[in-house]
Amino acid sequence: MCTGSGSDPESSSNGWSRARGVVVKTLVLIGGAILLKRLTKSTTRRDHARAVSRSLTGEKFTREQASRDPENYFNIRMMSCPAAEMVDGSQVLYLEQAFWRTPQKPFRQRLYMVKPCPKELKCDVEVSSYAIRDAEEYRNFCDRPKDQRPLPEEVIGDIGEHLTTIHLSCCDRGRRCLYEGSTSPGGFPNSWNGASYCTSDLAVLKNNEIHLWDRCFDENQNQVWGPKQGPYEFKPATYSSINESLSSLNILYQSSIDRPIQGSLILQD
């Protein structure tokens, strides 16, 4: 019986085991390198812009703050949602604010454009607000079914006068905020109620909390309206906060609606 001249079976098995071990180690090293690259990949300004857009979106209230200090803060409902996207990728959000008891009657309606900061500026995200050419057509925009809203191309066409621009930067580690920024030095012109100029400060916190502080000053730099104690603190709506009994505050808020709104951000830009 011819056995031929083949190699020893045990030797071949050992050789295959060694080769397989080398292949496995190589694959592990390659996979580890890919994973490390993904984990250490730096966050781009466009990533930051997307994060800010997500944080601004949704229904938020200042209920907790108004409960603590009803003399200086109102319970304001802020509602925002995506409305369009520009050719350059900038996100256009519709945003409105109203008293919590009358959400169907917003006192402020704006289009916000959120995009990465230009390379020449030392910031991460640029947030600009614009008037709406026909604001009545956008009342309760986010609460409507999508097929009853203005189309994205109509939204872009309805972007009106530029009002303010806030440049946001990432907050240092260990702080409550994720992003914060303000209008440029000197603010922006505003003549409402004896004002000469206004400033806006915006902070994005964890859990999609938004702090907004609008203040206006006269020619002598005296503050003529806007809260003096600090920003309005908008926190995302929860079922418990919406359904929770507010009977103890009803009288306070009823009188608040009727009295002058010196401590509120609701005055016109």
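Reader: Is Ser53 buried or exposed?

Author: A residue is called buried under 20% relative accessible area, exposed over 50%, and partly exposed in between (1.4 Å probe, protein chains only). Ser53 has a relative accessible area of 8%, so it is buried. Please note that this is a predicted model, in which local features need pLDDT of at least 70 and side-chain atom pairs count only at pLDDT 80 or more, while totals for chains, interfaces and linings use all residues. Residues are numbered from 1 along each chain as its sequence is written, and side-chain values use heavy atoms, leaving out hydrogens and water.

Reader: Where does Ser53 lie, and which residues is Ser53 in contact with, leaving aside its neighbours within four places in sequence?

Author: Helices (H or I, at least four residues) and strands (E, at least two) are DSSP runs, numbered from the N terminus. Ser53 belongs to helix α2, residues 45–56. Contact means heavy atoms within 4.5 Å. Beyond neighbours within four places in sequence, Ser53 touches Gln91, Leu93 and Val114.

Reader: Which residues have the most contacts inside the largest nonpolar core?

Author: In soluble globular proteins, nonpolar side chains tend to be buried together. A nonpolar core is a set of buried Ala, Val, Leu, Ile, Met, Phe, Trp, Tyr and Cys residues joined through side-chain atoms within 4.5 Å. The largest one here has 25 residues, and Val52, Val114 and Leu168 have the most contacts inside it. Helix α2 supplies the largest share of this core, four residues. Another core, of 15 residues, lies apart from it and includes Tyr94 and Phe141.

Reader: Why is strand β10 described as largely enclosed by the rest of the structure?

Author: Eight of the eight residues of β10 (residues 210–217) are buried, so the strand is largely enclosed. Ile210, Leu212, Asp214 and Cys216 point one way, whereas His211, Trp213, Arg215 and Phe217 point the other way.

Reader: Which strand pairs with β10 over eight bridges?

Author: Two strands pair if DSSP finds at least two bridges between them. Strand β9 (residues 197–205) pairs with β10 in the antiparallel sense over eight bridges, and Tyr197 has Phe217 as its bridge partner. These two strands form a hairpin with four residues between them, and Asn207 in the turn has a positive phi of about 60°. Strand β12 (residues 232–236) also pairs with β10 in the antiparallel sense, over three bridges, with Leu212 opposite Tyr232.
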